[in-house]
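Me: I've got a fold here that I'd like to talk through from the inside out. Can you take a look with me?

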Amino acid sequence: MAAPEVDWIEVAYARPDRQRVIRLALAPGLSAIAAVQASGILQEFPELGATRLELGIYGRRAAHEQPLRPGDRVEIYRPLQADPREMRRRRAAGGGRSGPHRSD
């Protein structure tokens, strides 16, 4: 008799210096936030406990209560260091281009 097949999900978090992906067995009714809590990632990265977590599943924002499906990857997003719109405004006000460009 073969062992029953287990469905898996992943919880991922990345900083500029380090990333972590943890694989968990999918329990029936497991939510995105419950998966994060069960992964132990909050203990590994204590800075995550200081703010409300922004979560996503494969690049799309997800509610904390979002039920998970087999193969889902719960991603924990870091806050932006700078507002992209404000950075574009500053570059435009400076009149110059940002980054390399060709003058062919």
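Me: Let's start with helix 1: what do its buried residues pack against?
Reply: Keep in mind that this is a predicted model. The buried residues of helix 1 are A32, I33, A35, V36 and S39. Their packing partners are strand 1, strand 2, helix 2 (41-44), strand 3 and strand 5.

Me: Within what arc do those buried residues fall, seen down the axis of helix 1?
Reply: A32, I33, A35, V36 and S39 are the ones to follow here. They line one face of helix 1, because the arc they fall within is 160°.

Me: Which element gives the most to the largest nonpolar core?
Reply: That core has 21 residues, with I9, V11, V36, I41, L55, L68 and I76 making the most contacts inside it. Strand 1 (8-15), strand 2 (18-25), helix 1 (32-39), strand 3 (54-57) and strand 5 (73-77) each put in at least two. With four residues, the top contributor is helix 1.

Me: And L68, which residues does it touch, leaving out those up to four places away in sequence?
Reply: L68 is among the core residues with the most contacts inside the core. Its partners on that count are I9, L26, L30, S31, A32, A35, I57 and V74.

Me: Strand 5 keeps coming up. Which residue of strand 5 stands opposite G56?
Reply: Strand 5 pairs with strand 1 in the parallel sense over four bridges, and there V11 sits opposite V74. Strand 3 runs antiparallel to strand 5, also joined by four bridges. On that side, the residue facing G56 is E75.

Technical notes
Residues are numbered from 1 along each chain as its sequence is written. This is a predicted model: local features need pLDDT of at least 70, side-chain atom pairs count only at pLDDT 80 or more; totals for chains, interfaces and linings use all residues. Side-chain values use heavy atoms; hydrogens and water are left out. A nonpolar core is a set of buried Ala, Val, Leu, Ile, Met, Phe, Trp, Tyr and Cys residues joined through side-chain atoms within 4.5 Å. Buried means under 20% relative accessible area, exposed over 50%, partly exposed in between (1.4 Å probe, protein chains only). Contact means heavy atoms within 4.5 Å. Two strands pair if DSSP finds at least two bridges between them. The arc is that of the directions from the helix axis to the C-beta atoms.
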